[in-house]
Amino acid sequence: MIKWGITSNAHDAALAVVNTVKGDQPEILFAAHAERSSGKKNDAWLNQTIVDQAREFGRPEEVHWYENFNLKRLRQIRSGQWKTAWNKQSPWHTLDKLDVVWPTPWTPVSSAMVGGMSGAPYPPSLHYHKHHASHAAAGYFTSPFRDAAVLVIDSIGEFETLTIWQGYDRQLKRTFSQRYPHSVGLWYSSMTQRIGLKPNEDEYILMGWAALGDPERFKQKIYDDFFYPLKNNSPEIKFKHNLHRGCRWWAPELNSLQDYADIAASTQAVYEMIFDHLLKYIKHSTNNKNIVIMGGCALNCVANGRAYKYFDNVWIMPNPGDAGSSLGCVLDDVRDFTEYNTAYLGYNIAGDYPIENTIKQLKTERMVGVANGRAEFGPRALGNRTLFADPRGDDVQDLVNTVKKRQPFRPFAPVIKADKVHDYFEMPQGCDESQFMQFIATTKHPDQFPAITHYDGTSRVQTVTAEQHPDLYRLLDRWEQETGCPILLNTSLNIKGEPMVDTEDDAKRWHERYGVKVLTKEGE
Ligand SMILES: [Fe+2]
């Protein structure tokens with residue numbers, strides 16, 4: 001049976017197609033972000049192109065929605081967001097506008113409304129899932145663990161903002177739930193806005209900016225002004241203010257760029273303190289050696305490594321935010337594990353991976369785009385929609401930053417063969433791989449690789465094995481043969497504020513606009 005999972009109508013719309021056969025593991029056939037086909041960064045809405053791509057994998061018999069629309073509307077009404085509550089388009093309106101279903105001659109699309117609203121007998125049916133249940137299922141059922149603690153931290157779904165679950169033998173039992181308005185994610189987004197960045201989008205920039213600031217300068221003040229004291233033996237994180245509308249009122253005078261950097265650093269330090277508190281609580285209360293971390297806050301790769309202090313094994317699904325819940329809501333329905341060993345699940349650009357041409361371009365131009373194979377499902381480029389560059393030398397960071405129009409303080413990430421990672425990086429203790437770029441490591445040779453080394457001496461590493469991505473592994477091998485260097489700089493093939501390249505046409509446009517060659521297959 002083909003089941004669709006949908007995230008839409010808020011931010012980061014996405015669609016996942018899962019094949020479920022009784023007795024077999026569910027198989028992920030397709031998963032993609034709507035922004036890649038619409039060209040609008042963090043697009044909140046599904047579009048016909050992504051729907052058409054998904055339809056190629058067969059007709060859905062069920063459609064699952066990543067949250068409960070009715071409960072969410074109730075929360076919006078209760079919290080005084082009247083306008084949003086009444087203006088908000090319902091899931092069935094969204095789906096009815098799109099050509100989602102396959103109408104039979106007696107069931108026109110408009111009356112074959114998903115969910116049977118019109119009483120039409122025609123499937124697919126529409127099923128709502130709780131926002132945090134979708135996050136927890138996306139994490140637990142893609143993990144390699146059968147017994148694991150699950151921590152979900154995000155801004156807000158319906159009412160829940162922080163939940164802890166126990167996953168055992170295909171059952172997920174919620175053991176703690178914190179509710180709106182107490183929300184770690186909303187607070188982090190408010191601080192993002194307070195330093196002049198865009199909330200719900202630029203949190204990763206705050207995280208990067210933090211390395212330039214003094215974490216001690218505002219740490220205590222932030223903690224005292226926003227938080228009630230943390231309690232031992234309790235995962236409760238209580239706030240003194242409702243931060244849904246931000247905290248522009250918050251006091252410190254900001255006169256210099258250093259002031260902003262110090263707030264970023266102090267915010268990150270407080271977040272890590274809270275994250276640590278939660279991890280410690282979960283470890284002590286469950287004694288589990290496995291943890292799954294999900295929700296938008298699980299994108300905080302600077303903090304994520306702390307989980308290895310308390311747990312032997314850590315799994316963060318590579319798309320832990322709401323977009324990943326498009327898959328999570330289907331898994332919440334199926335309640336079975338799926339093998340998740342690849343993030344290459346989106347639109348396919350056919351043809352051989354351009355290994356030799358990439359090497360040639362890197363040696364002459366030092367930078368080249370590659371758009372080949374299936375697009376990554378998740379916020380990071382992992383080799384299939386990537387701008388590669390030679391990581392050696394002092395001028396590379398400026399060279400790539402100029403093309404990508406990013407803030408000059410932001411470093412780039414390295415991709416390295418997994419068997420070489422310990423020669424070049426100090427990984428978090430107990431962590432040998434970072435297949436999906438979810439952890440930071442200390443760079444052992446910062447002078448050789450300034451472009452991939454942040455101000456604090458760290459790098460957000462992607463490791464790759466021959467099994468995970470044979471072509472990318474071969475590319476790194478060939479690069480090492482040619483230069484003695486097993487590392488490439490790897491950044492997403494996009495420009496600040498725009499989504500990543502998706503199709504062959506996008507690749508062509510990117511090349512024409514920015515003058516850097518994008519290879520879509522070997523031999524072109
Ligand atoms: Fe969420």
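User: What makes helix H6 (residues 131-140) count as largely enclosed by the rest of the structure?

Analyst: Look at how its residues score. Buried means under 20% relative accessible area, exposed means over 50%, and partly exposed lies in between, using a 1.4 Å probe and protein chains only. In H6, 10 of the 10 residues are buried, so the helix is largely enclosed. Among them are His131, His135 and Tyr140. A word on the model: it is predicted, so local features need pLDDT of at least 70 and side-chain atom pairs count only at pLDDT 80 or more, while totals for chains, interfaces and linings use all residues. Residues are numbered from 1 along each chain as its sequence is written, and side-chain values use heavy atoms, leaving out hydrogens and water.

User: What covers the buried residues of H6?

Analyst: The cover includes strands S6, S7, S8 (171-179), S9 (290-294) and S10, and helix H13. These labels come from DSSP runs numbered from the N terminus: helices are H or I with at least four residues, and strands are E with at least two.

User: Which residues coordinate the iron ion?

Analyst: They are His131 and His135, each through NE2, and Asp154 and Asp322, each through OD, at 2.2 Å. Donors are N, O and S atoms within 2.8 Å of the metal (3.2 Å for Na, K and Ca), so these atoms qualify; water is not among the atoms, so sites may look incomplete. Along the chain, the donors follow the spacing H-x3-H-x18-D-x167-D.

User: Why is the site of the iron ion called irregular?

Analyst: The angles among its four donor atoms run from 87 to 177 degrees. Four donors count as tetrahedral if all angles lie between 85 and 135 degrees; four count as square planar and six as octahedral if opposite donors are over 155 degrees apart and all others between 65 and 115; anything else is irregular.

User: What makes Asp262 and Arg217 a salt bridge?

Analyst: A salt bridge is a side-chain nitrogen of Lys or Arg within 4 Å of a carboxyl oxygen of Asp or Glu. The closest N and O atoms of Asp262 and Arg217 are 2.7 Å apart, so the pair passes. This pair links distant parts of the chain, with Asp262 in helix H10 (residues 257-286) and Arg217 in helix H9 (residues 215-226), 45 residues apart. Asp262 is buried at a relative accessible area of 4%, whereas Arg217 is partly exposed at 39%.

User: How many salt bridges does this rule count?

Analyst: The count comes to 26. One of them joins Arg509 and Asp506, at 2.6 Å from N to O. Both lie in helix H18 (residues 504-514), three residues apart, about one turn of the helix. In general, an α-helix has 3.6 residues a turn, so residues three or four places apart point the same way. There is also a network of salt bridges linking Glu272, Asp276, Arg306 and Lys309.

User: Why does Ile222 count as buried?

Analyst: Its relative accessibility is 0%, and that is under the 20% limit. Ile222 lies in helix H9. Contact means heavy atoms within 4.5 Å. Beyond neighbours within four places in sequence, Ile222 has contacts including Trp187, Trp250 and Val270.

User: What joins strand S1 to strand S2 (residues 14-19)?

Analyst: Six bridges join them, and the two strands run antiparallel. Two strands pair if DSSP finds at least two bridges between them, so S1 and S2 qualify. Lys3 has Val18 as its bridge partner in S2. S1 also runs parallel to strand S4 (residues 62-65), joined by four bridges, with Trp4 partnered by Val63.

User: Is S1 (residues 2-7) largely enclosed or largely open, and what shows this?

Analyst: Six of its six residues are buried, so S1 is largely enclosed by the rest of the structure. Ile2, Trp4 and Ile6 point one way, while Lys3, Gly5 and Thr7 point the other way.
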